[in-house]
Amino acid sequence: MTAQTGKTVLEVRGLSVAFPGRKGETTAISNVSFDLNLGQTTCFVGESGSGKSVTARAVLNIVEPAVIKAGAINLVDVEAGQRIELSGLNPDGAEIRAVRGARIAMIFQEPMSSLSPVHTIGEQIIEGIMLHQDVDTATARDRAIKALRAVQIKNPEDAIDRYPFEYSGGMRQRAMIAMALGCEPDILIADEPTTALDVTTQAEILKLLKGLQESHGMAVMFITHDMGVVAEIADQVVVMLHGSVVETGAVDQVFHAPVHAYTKKLLKASMGLDEAAHGRGAASSDEILIETHNLSLAFPSKKKLLRKPGSGVQALDEVSVELRRGEILGIVGESGSGKTTLARVLMGRFQPQFGEAIYHTRDGVAKDLNDPATFRDGQVYREMRMIFQDPYGSLNPRMTVQQIIGEPLLVNGLLKGAALRDRVGELLERVGLPASAMERYPHAFSGGQRQRIGIARAIALDPRVIIADEATSALDGSIRAQILDLLLDLRSELDLSILFIAHDIGVVRYFCDRVAVMHKGRVVETGTAVQICDAPQDPYTQRLISAVPIPDPRKRHLVA
Amino acid sequence: MLNYLARRLVTMILTLLALSVVVFVVIQLPPGDFVTSYIASLSAAGESVDQETIIALRDRYKLDSPVLVQYAAWLSDILRGDFGYSFEMQRPVSEIFSQRIGISLAVELTAVIVMWAVSIPIGIYSAVNQYSVGDYIATILGFLGLAIPNFLFALVLMYVCYNWFGVTITGLFSAEYMNARWSVDRFLDFASHVWAPILVISTAGAAQLVRVLRANLLDELNKPYVLTARAKGLTKRRLIWRYPVRVAMNPLVSTIGWVLPTVISSSFVTAIVLNLPTLSPILLRALLSQDMYLAGALIMFMGLLTLVGTLISDLLLAWIDPRIRLGMVGAT
């Protein structure tokens, strides 16, 4: 750490940003004040829409189409003792451009879409270096390689000429960080940089950021909605709600002596996931609904243009699981572990090469899920329904909610006309939405409400099994808890069995009865949720569990 | 890359062969064969044909042999550059072709280039300054360009030029240069005529391209990588050209494949109104008068253009987009 640690490098006072519109302005943030200090991490928490990202973008003066209405953003040059006021500068002017990338750099949530798909990683890093530093291409390239090495990318000399889509998610985020740090900025703004990553990758990136912060002595503005991450890395915490700062303080104080009610609510929602839900485990019986034995499925590698085909991917490797009546079985693993492939095999999307998958119907008939013909009469689809990850992409934007929820009833010829309408209203109320919502289109609803619509669609046919593929991954903390509680209620009311696919092992203890941990297409460990979370046996499970951030700054274990 | 090219060329040849079968069937479709039509057209003109010529012709086109032999003879003639005989125009098809193909390609290629040169800057301006005055003007002009039929535009242009400026803009050459050899004067004369058809042909296409580019670019401008580039401190101008425009060009580049054949087949109304000595009016005439060898040769030619165009657009796409180059689909 440098001698400057702790000195204030950015002062934001009374910042307000508004979106102009035909019917007057919409305020995005109002009267936001905070400081960023060199060598320290300030975490911004709050749910989506609370104005965290707008605040971050306002610091760089990139808020179009919104405008900064009031307030001051003072960037302090600690060594020279000068300060620049950023909020009044022309957003396209030379002064602010000299600050962007050079003194304040930013990294984003989606490392794939945040990097240009048609330029190599190297081109994108070198561009930034040459923009702010007076060096030739060869020197800039050397610096870019150095930056890639600093973020622990293997073979940086080779990796520099690769394209973003040839990198894994974690590597892309490392490359983003290398790009941001290419000019050694004083301030790094990180907007949900680990939200799209697996827990183990998240732990690695957090560790990397902490290490880089110590060696560079920079201030980090870290935006997240995960209180666990906050507890791991924050020095200061700023809690935002509806565009305003409701609480600011040192991390220990915010976690152990929160003042504002909203902060307490956030903490409760994140702690709650550490406990098992109430009144569960009673319902499950010995009746088996779905069983698989030694399912194996290999995808041949794509025959690439101009390249020799490599060896294929073993998506499923002798997977044996069983879903019992009334239970919630969690399938947990990182992306690429084969958990979604397993769900798709059960839904008849893929046919495995070996093994068997059996579904026992309501009338006690065993159906072979490996045979495409099984699905033709639609019975399996009526009894096994899916909920998807993306509440935005999984609802047709051109259909009303009534059409969306009513469609499975209609195509199966069960209900129509007024009866259909009544049933849709009933389903909406069951998932906690007003029946009047059926007239509206999906865009009128928030992410959590859309996921409720997806659930209403799934239970419309009175199914026995629900396959929830990352159904809560796209949701914020407290909304996620609400959706999980809804599914728990529905399970006991409707006698459902749920196959819950998740990469977030944090929700497993709260939600699941039993868990199967998948890694590289294999089930490495199966057990009850408590057993997996408290006493994992397999080394991979142990690694996975230990990578979960704990929402208590006194129990830091990831970056220390 | 060479491997890929070779494979593409082989598929192209096979596609052309398949097309030739279709064309041959089309040629065979009218009742009677080519020589009976020929005799009919001659006797309609009041001439008589002696028996020896008929036999010579029947023999030359193998009309009394089985269909497959006829096809083989026709195909081998084509490979030698003999596309058959146009009884409507009373000249070999290859002769008509060689007369018109140069001019035709010159006019239509220039129209395509003008189309692109005009529409790309306008499209980018429109997207970057969405809902500005300039965008509205471009949008209105674009819809006008799309909505006004080419022949009407050509007629209005002719009227305006003749009435107000006393200039006739039909044809591509003044009378004195019509059959002259190419010289600087003849080229200047050509240039003074050719702007009108190019203007007419390119407006509609350009308007369409502006709309497509504007829509694509509007999507790309909201992508997070644009924000990343801004956060780097790039100037707006450099940023837009370097990042979103490059990605937004993909759908445009993939239209190169059929842009030339489309221009040729859609410009025939313009060509007739403006009396242009290009290929497209001939195609219409050939089809109307069942001049099957001429029509067949034109269809083969347009098929070839489509195939070459598609190859060019695929190569260009591979060049500008590494995701396509590395054989990966669907990454955004």
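How far apart do the C-alpha centres of domain 1 of chain B and domain 2 of chain B lie?

1. They lie 33 Å apart. The domain assignment, automatic or from a database, gives chain B domain 1 (2-92) and domain 2 (93-325).

2. This is a predicted model, in which local features need pLDDT of at least 70 and side-chain atom pairs count only at pLDDT 80 or more, while totals for chains, interfaces and linings use all residues. Residues are numbered from 1 along each chain as its sequence is written, and chains are lettered from A and ligands numbered from 1 in the order in which they are written.

3. The contact between these domains (C-beta atoms, placed from the backbone, within 7 Å) takes 22 residues from domain 1 of chain B and 21 residues from domain 2 of chain B. On the domain 1 side, helix 1 of chain B gives the most, with 9 residues. Helices (H or I, at least four residues) and strands (E, at least two) are DSSP runs, numbered from the N terminus. That side has 13 nonpolar, 5 polar and 4 charged residues; Ala, Val, Leu, Ile, Met, Phe, Trp, Tyr, Cys and Pro count as nonpolar, Asp, Glu, Lys and Arg as charged, and the others, Gly among them, as polar.

4. In chain A, helix 13 (residues 401-411) has A:Val401, A:Ile404, A:Ile405 and A:Gly406 buried, that is, with 20 or more other C-beta atoms within 10 Å of their own, C-beta atoms being placed from the backbone. The buried residues of helix 13 pack against helix 14 (417-430) and helix 15 (447-459) of chain A. Just after helix 13, A:Gly413 has a positive phi of about 65°.

Note on methods: Buried ≥ 20, exposed ≤ 12 C-beta atoms within 10 Å, placed from the backbone. Contact = placed C-beta atoms within 7 Å.
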